[in-house]
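Here's a quick briefing to read with the sequence and the 3D view side by side. Take a look at the picture, then work through the points below.

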Amino acid sequence: MGYSFSREGFDAVLKALARTYRIYAPVTFAGQGRFTDVDVVRYDFVTDASQIEFGKKSEYAFKELLTPLSETLFYFTEDEVKEADAQPGEVLVFLRSCDLHALKRLDQMYLGNGFAEDPFYKRIREKLQFVLIGCPASFENCFCTSMGTNRTEDGYLFSVEEQDGKILCEVPSNLKLKQLFMENGAWIEKALPSFVEENDVRVTIPATVPNSIYKAPLWDEYTARCIGCGRCNFVCPTCTCYTMQDIYYTDNGRVGERRRVAASCMVDGYTNVAGGGEYRRTKGERMRFKVLHKIYDFRRRFAYDMCVGCGRCDDACPEYISFSNIINKVDQFVKEEKADE
Ligand code: SF4
Ligand code: SF4
């Protein structure tokens, strides 16, 4: 069932929802981008519709809400450990189709990967609900259609899309919401969210890769070009690597807290081990690991690809390295190897 709202009408809906949820959505921060006078779109808590950025792709993903960059897990003294309290209350997150697919990957890694669920992830995840933002057109660098993440049929409370100054919402089910929407907007027959059917960028993912991929010369380019900044990982909605940090409150180190902090497989030190070993020294080796994890290794374990084709890594890379280009180079390499057999 669809509804059409003026800005004021949708604001009234948000205000009513804010009594139950903290609302989290993409917001434009003027002048806070990486160059002078450049804006950035990232997630923040919102209280009215005018704060929500419907027209641009967020440069950072929603995942910081579920997997904070720095999260205190527990506090310790010499004799005892106390688990950190969970954030109270329900949260409503506005996101796009590719990000809802990314959520499936996060759930897979934290809740469906091995014998135990991650309790710290789970206690946040259980409090989240989602609103799907429609995508009437593809953004730069997106390749969601190649990854099959351009459409989403479920997993959200309602959809939202801005059209000709109106805000259109479709409510699949939920009588309470329907009543709230009816009070503040006008019923219309259809307000189904738009889904992108074509991207300028397309990728072809090989079904399998030969062992020769591990020493392929195609990775050398990235040893030369990549600066190992890790931006591609931090903006990616499906990157989940983290490390642990113990923070001591006193000089004698007997009281403190343990934090889980975001990590990146592209930065120096990530694969360091005791005795001075380092598994992936060159940036090319790190790129190989990252790319094959996203389009091959994860699929071998879970039968679908990890990458959702949001293109954020391409948007963020200061060296203009394109992840979609690399996927197509891997595919080309696999085809050439097969032709040589
Ligand atoms: S690897 Fe790049 S395109 Fe794929 S999900 Fe991560 S940020 Fe998006
Ligand atoms: S953002 Fe670009 S330069 Fe930085 S680590 Fe990723 S690929 Fe390398």
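## Ligands, domains and charged pairs

The shell around ligand 2 divides into nine nonpolar, two polar and two charged residues; here Ala, Val, Leu, Ile, Met, Phe, Trp, Tyr, Cys and Pro count as nonpolar, Asp, Glu, Lys and Arg as charged, and the others, Gly among them, as polar. Keep in mind that this is a predicted model, where local features need pLDDT of at least 70 and side-chain atom pairs count only at pLDDT 80 or more, while totals for chains, interfaces and linings use all residues. Residues are numbered from 1 along each chain as its sequence is written, chains are lettered from A and ligands numbered from 1 in the order in which they are written, and side-chain values use heavy atoms, with hydrogens and water left out.

**Around the ligands**

- Ligand 2 is surrounded by 13 residues, and the closest are Cys226, Cys229, Gly230, Cys232 and Cys317 (a residue is near a molecule if one of its heavy atoms lies within 4 Å of it).
- Ligand 1 has its own set of residues around it, including Phe143, Lys294, Cys307, Cys310 and Cys313.
- By class, that shell around ligand 1 has eight nonpolar, three polar and one charged residues.

**Two domains**

- The protein chain is split into domain 1 (2–188) and domain 2 (211–340), with bounds that come from an automatic or database domain assignment.
- Their centres, taken over C-alpha atoms, sit 25 Å apart.

**Where the domains meet**

- On the contact count, 41 residues of domain 1 touch 44 residues of domain 2 (contact means heavy atoms within 4.5 Å).
- Together the two domains bury about 3600 Å², 54% of it on carbon and sulfur atoms; buried area is the accessible area (1.4 Å probe) that two parts lose on being put together, summed over both.
- Arg34, Phe76 and Phe143 supply 18% of the area that domain 1 buries against domain 2, more than any other three residues.
- Five salt bridges cross this interface (a side-chain nitrogen of Lys or Arg within 4 Å of a carboxyl oxygen of Asp or Glu).
- On the domain 1 side, the elements giving two or more residues are strand S4 (70–76), helix H2 (97–111), helix H3 (119–125) and helix H4 (144–147); helices (H or I, at least four residues) and strands (E, at least two) are DSSP runs, numbered from the N terminus.
- H2 gives the most to that side, with ten residues.
- By class, the side of domain 1 that touches domain 2 has 19 nonpolar, eleven polar and eleven charged residues.

**Charged pairs**

- Side chains of opposite charge can pair when their charged atoms come close.
- The whole structure holds 23 salt bridges.
- One salt bridge joins lysine 57 to aspartate 315, with the closest N and O atoms 2.8 Å apart.
- That pair links distant parts of the chain, 258 residues apart: lysine 57 is in the loop between strand S3 (40–46) and S4, and aspartate 315 is in helix H9 (residues 312–316).
- Aspartate 118 forms a salt bridge with arginine 260, with 2.7 Å between the closest N and O atoms.
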